[in-house]
Amino acid sequence: MSMLATCIHLFPINNNNPFLRLKPHFPSTTTPASSTSYPINSNASLSSIAPLEAILFDIDGTLCDSDPLHYHAFRDMLQEIGFNNGSPIDEEFFINNISRKHNEELCTVLLPDWEFEKAMKFMVEKEALFRRLAAEQLEPISGLNNICKWVEDLGLKRAAVTNALRSNDELLISMLKLQDFFEVIVLAEECARPKPFPDPSLKALNALKVSPNHTFVFEDSVSGIKAANGARMVAVGMTTRNPEQMLLDAGASLVIKDYNNPKLWENLQEMIQQKLPI
């Protein structure tokens with residue numbers, strides 16, 4: 001897709017037809033940030049964005065910890081083709097060379113001597129193996145049901161914003177029983193630029209018709225936090241796979257292990273106790 005403002009894909013609540021196309025209109029106050037210039041919100045508190053209108057969620061590492069399943073899929077398939085002289089890759093290699101990279105990039109990183117079409121076929125097969133593993137082993141991040149219920153009880157708008165593949169997203173959201181939770185799901189693969197660019201976050205804001213000044217994001221990666229900051233939003237970092245300081249340095253306002261974190265709920269309840277409009 002060549003232009004950012006071509007379409008938004010929505011997952012309407014209680015609608016079995018997963019994609020509905022809308023033509024977005026970005027507010028005149030929203031200016032996309034460059035890939036190297038992000039406002040840092042590390043000193044901002046969640047209460048500073050009240051009244052709260054919406055919450056955005058990343059999927060991988062934020063709703064569930066799917067990285068181990070990706071690692072096992074890559075490890076088994078790379079070993080089958082004799083990668084690294086047939087020795088299985090370890091987790092350090094996965095983290096440093098594979099995790100958070102797009103499949104197109106991984107074709108060059110892992111299979112530089114293969115024709116691109118053949119390498120992409122390998123990636124498609126790897127994703128199919130990942131989905132089989134996820135169907136058997138996927139677990140939600142601790143406390144996910146609690147935060148989802150809180151969001152629903154308050155009637156907040158919500159969206160998922162992800163760099164992952166559509167087929168993977170559909171499976172993960174279905175397994176987590178969140179098909180009726182998200183009003184909008186924005187896929188970075190259908191944006192002009194993925195995270196760490198702000199494009200997917202801006203699409204979600206536009207689709208929900210909410211202000212970045214009254215929305216925050218749950219993210220587990222540096223690229224996701226930078227994307228949120230680039231869209232002028234506060235980000236809550238999750239230490240599913242990255243250390244706390246790395247997420248803070250990237251611009252997270254608050255860092256938590258999971259949705260049971262007392263500090264998170266202190267911040268959320270502060271909005272209620274101050275009787276701020278939600």
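**Exercise 1.** Determine which residues alanine 134 touches, not counting residues up to four places away in sequence.

*Solution.* Begin with the setting: this is a predicted model, in which local features need pLDDT of at least 70, side-chain atom pairs count only at pLDDT 80 or more, and totals for chains, interfaces and linings use all residues. Residues are numbered from 1 along each chain as its sequence is written, and side-chain values use heavy atoms, with hydrogens and water left out. Next, take contact as heavy atoms within 4.5 Å; under that criterion, alanine 134 touches Leu69, Leu171, Leu172 and Met175. Finally, alanine 134 belongs to helix 4 (helices are DSSP runs of H or I with at least four residues, strands are runs of E with at least two, both numbered from the N terminus), and alanine 134 counts as buried at 0% relative accessibility (buried is under 20% relative accessible area, exposed over 50%, partly exposed in between, with a 1.4 Å probe and protein chains only).

**Exercise 2.** Identify the buried residues of helix 6 and what covers them.

*Solution.* First, in helix 6, which spans residues 166-175, Asn168, Asp169, Leu172 and Ile173 are buried. They cover an arc of only 120° around the axis, so they sit on the same side of helix 6; the arc is that of the directions from the helix axis to the C-beta atoms. Lastly, the covering elements include helix 1 (67-80), helix 4 (116-137), strand 4 (157-162) and strand 5 (184-187).
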